[in-house]
Amino acid sequence: MIENSTTKGIGAIALMLLLGCFAGAAEAVPSFARQTGQECPACHVSWPELTPYGRYFKLTGYTIGKAAITSDGPQYLPMAIMAQASVTNTKNNKTTDPDTGDTTTVTQRNNSLVFSGGSLFLAGKVNDYLGGFVQWTYDNLATVTNGTLGGHSSVDNIDLRGAYKYSPVGAGEPEWVFGMTLNNNPTVQDPWNSSPAWGYPYTTPPLANTPAAATIIDGGLAQQVVGLGAYAWWQKTLYVEFSSYRTANVMGNLFRLGLPINTAGGVYAINNFNPYWRLAYSHEWGPNSVMVGTYGIVANVFPDNLNASGPTDKYQDVALDAQYQYISDEHTFTAQTTYIWEKQKYNASYAAVQDTGAGLGAGPTPDNATDTLRTFKIKGSYYFQRKYGGTVALFQTTGSADAGLYGTNPDGNALTPNSSGYIVELDYLPIQNVRLVLQYTGYTKFDGGRSNYDGTGRNAGDNNTLFANIWVAF
Amino acid sequence: MKRTSCAMLALAWVAFAGATCAQDVASIDPAAAKKAVELCSTCHGPYGISTSPDFPILAAQREGYLEAQIDAFRSHSRAEKDAHDIMWGIAGNLDPAIVKGIAQYYAAQPPAPGRVQDPAAALARGKEVYDKGVPARGIPACATCHGPDAKGQSIFPRLAGQHASYVVKQLNYIQSLVRAAPVMHGIVKDLSPEEIQAVAYYVQSK
C-alpha cells in the first residue's frame with residue numbers, strides 16, 4: 001500500500017517537474033502573468049504574498065494588462081494550474097488506548113510520498129473595469145468513507161471584482177480606487193497577507209494532526225458563504241471596505257460547489273446578511289511599506305446547517321493586524337502579524353440544552369452560554385534574490401474552558417482550546433513557478449495541554465511535523 | 001583622443017535623433033497621461049518620482065531617451081532582470097502613440113530634488129569623475145554627454161536626482177554587458193566599483 005502510494009507520488013512529482021520545465025521554457029506562467037506579460041516577482045514577494053504593485057493589481061480589479069478576449073480575438077488562455085506533492089513525518093504517529101492497550105495510527109501515509117492535489121484557475125481581465133479568478137481544487141487526500149482517503153474536488157476561492165480609478169486633473173496617481181468584490185471566503189479579497197485567507201502558513205502538511213479550534217474568520221466560513229463588498233482606497237494609503245455575507249445557497253450553490261452541504265456539520269449555514277469590515281492604513285517609503293489595520297465579522301450561525309431556521313449562535317470576530325515589507329533586488333524581508341478576538345454567544349445552542357437537555361445539529365454543543373477564543377500569529381521571512389528563503393513563525397490560540405466543545409481531562413475538568421507552537425521553513429525556487437518547501441511545525445501546547453492532553457498519554461510535541469513539499473504553478 | 005571621439009559620436013547621435021524638448025503637460029495625449037497616472041505611477045511614483053530605489057525616477061527625464069527605452073522593452077532588446085520581469089509586460093501592452101505621450105508626460109514633470117546621503121569625500125570623488133573623467137585610464141567625463149549639471153542632453157538621459165543605487169545597478173549591467181549599450185559600455189567598462197558608487201552619489205545629489 002505504501003509502496004503503491006509512493007509510486008504514485010513519484011509519478012506525480014515527475015509530472016510536475018516536467019510541467020515546470022515546460023513552464024520555464026515557454027515562459028508559460030499563471031494566467032495573471034500571461035495577462036500582464038510580467039513575471040511572478042512583479043506581484044509576489046513569494047507567492048501568494050503580494051508586493052505593493054501586486055496589491056494595486058488586486059485592488060484595481062485584476063485589470064492591468066490585456067483582456068483574455070478582445071475584438072481581435074483570444075489573447076491568452078485565462079487559466080492556470082497548481083499542484084503539490086509532499087512527504088510528512090509526524091513525530092509520534094502512534095497513540096495507545098490506556099484502557100485496552102491498543103495502538104492506532106494518528107495520520108495516514110506518514111513518511112510516504114503523496115500527491116496532495118491541485119487547483120485549476122480561471123483567472124483574468126474581462127475589461128478595464130472587471131476581472132477576477134475562480135479556483136477549483138482537487139484534494140487527492142480527502143477523507144472519504146470509513147476513514148480511508150480518496151480524491152474529491154470542489155470549488156475553492158472565488159474573487160470577482162469591479163474597480164474604478166478616479167484621478168483628478170493634475171493628479172500624479174489615482175486619488176481614489178473604488179471597487180466591489182463578490183467572493184466566497186471572508187478575507188480572500190484582502191490585499192495584505194496578515195489576514196487569514198492569504199496569511200502564513202501558505203501551505204501546510206495535507207496529512208497532519210492539527211489543533212481543533214480556530215476562529216470563524218480564520219477559514220471557518222471559507223467556500224460556504226458568498227459576500228458582496230464595496231471598498232475605497234484613498235491615495236494608496238487609507239483602505240475601507242464593508243461586505244455582507246450570506247450562506248452560499250444561491251446561484252445553484254456555485255460558490256460552495258462540491259462541499260458537503262447535505263451532511264450534518266458539513267458546512268456552516270448563516271442567517272441573512274452578516275457584516276464584514278476592513279480598515280487599513282498603509283505607507284510606503286523607499287523600499288519599505290507598512291500597514292496597520294483591523295478587520296472582523298459578525299456571523300449569525302444556525303446550529304444545525306440542515307435546518308437553517310430559528311435562533312442562531314453569534315460569533316463576533318474583531319482582529320488587529322500589521323504588515324511590514326522591505327523589498328529590494330537582492331534582499332527581501334517581510335513580516336506579518338494578526339490578533340483575532342472572538343466572542344461566541346451560544347444564544348441558540350446553549351438555550352436548547354437548557355430547555356431540552358439536548359443540543360442542536362451535529363454539535364458539539366457548548367456547556368457555556370458564551371465563550372471567547374483568541375488567536376495570535378506572527379511571522380518573518382527573508383528571501384535572497386527571491387530564490388532562497390527562510391521563515392520563522394509563532395502561533396497561539398487561547399480561549400474559554402468548555403467541556404461541551406473541547407471535552408474533559410481525566411480529572412473531569414473542562415478542557416480549553418489552547419494551542420501554541422512555532423514553524424520554521426526553508427524555501428527554494430529553482431524557477432519562479434516551482435517552490436520546494438521544507439517546513440517544521442512544533443507544538444508547545446495542543447488542544448488544551450502540553451502533556452497527556454488527550455488522556456492517552458499523548459504530548460503536544462508528539463504532533464510535531466516535518467514536511468517536505470514541492471509546489472508547482474504554471 | 002578618446003574624449004574627442006566620444007564628443008563627436010554624441011554630436012552625431014544628437015543630429016540623428018533630432019532635438020527633443022519637454023512640452024506642456026496640457027498638450028499631452030490625455031490617454032497617455034492617464035496611463036502614466038494610473039499605471040506607471042504604481043512603481044515610478046506620482047509625477048515620476050519613485051520612492052523605492054529599485055524603480056528609476058522618470059520626472060524630467062529626456063523625452064527621446066524615455067521613448068527609446070520603452071521601445072527597447074517592447075522589442076526585448078533591453079533585457080536585464082527588471083526589464084524582463086516587469087517592463088516587457090508593461091511596455092508590450094502600449095501602442096506607439098501612448099509610448100510617445102508617456103515620454104512627453106514624464107519629460108514635462110518637475111525634476112526630483114537632489115539628495116545627499118554619503119560622505120563628502122565620495123561626493124567630491126564623484127564630482128571629479130563626472131566632470132573630468134579619469135584621464136589616466138582614458139575614461140571620458142560623464143558631463144560630456146549628460147551635461148554639466150547632469151540634466152541630460154538630447155537622448156542622453158538625465159542623471160540628476162536619480163536614485164544612486166539604481167545608477168549603480170545600471171552601470172553594473174552596462175559594464176557586464178547585461179544591458180546592451182555599446183557606447184556607454186566602452187566608456188564605463190574600466191570604472192572601478194568605488195568610482196561607480198561615487199558618481200552615483202554625486203548625480204543623486206544634483
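Chain A works out to seven helices and 22 strands, where helices (H or I, at least four residues) and strands (E, at least two) are DSSP runs numbered from the N terminus. Keep in mind that this is a predicted model, where local features need pLDDT of at least 70, side-chain atom pairs count only at pLDDT 80 or more, and totals for chains, interfaces and linings use all residues. Residues are numbered from 1 along each chain as its sequence is written, with chains lettered from A and ligands numbered from 1 in the order in which they are written.

**Chain A overall**
- The C-alpha trace of chain A spans about 70 × 50 × 40 Å along its principal axes.
- Of its 474 residues, 47% count as buried, meaning 20 or more other C-beta atoms, placed from the backbone, lie within 10 Å of the residue's own.

**Where chain B meets chain A**
- The contact (C-beta atoms, placed from the backbone, within 7 Å) takes 23 residues from chain A and 21 residues from chain B.
- On the chain B side, helix 2 (30-44) and helix 4 (81-92) each supply at least two residues, and helix 4 gives the most, with seven residues.

**Inside chain B**
- Chain B splits into domain 1 (2-13 + 114-205) and domain 2 (20-107), with bounds from an automatic or database domain assignment.
- The centres of domain 1 and domain 2 of chain B, taken over C-alpha atoms, are 22 Å apart.
- In chain B, 15 residues of domain 1 are in contact with 13 residues of domain 2.

Terms used. Buried ≥ 20, exposed ≤ 12 C-beta atoms within 10 Å, placed from the backbone. Contact = placed C-beta atoms within 7 Å.
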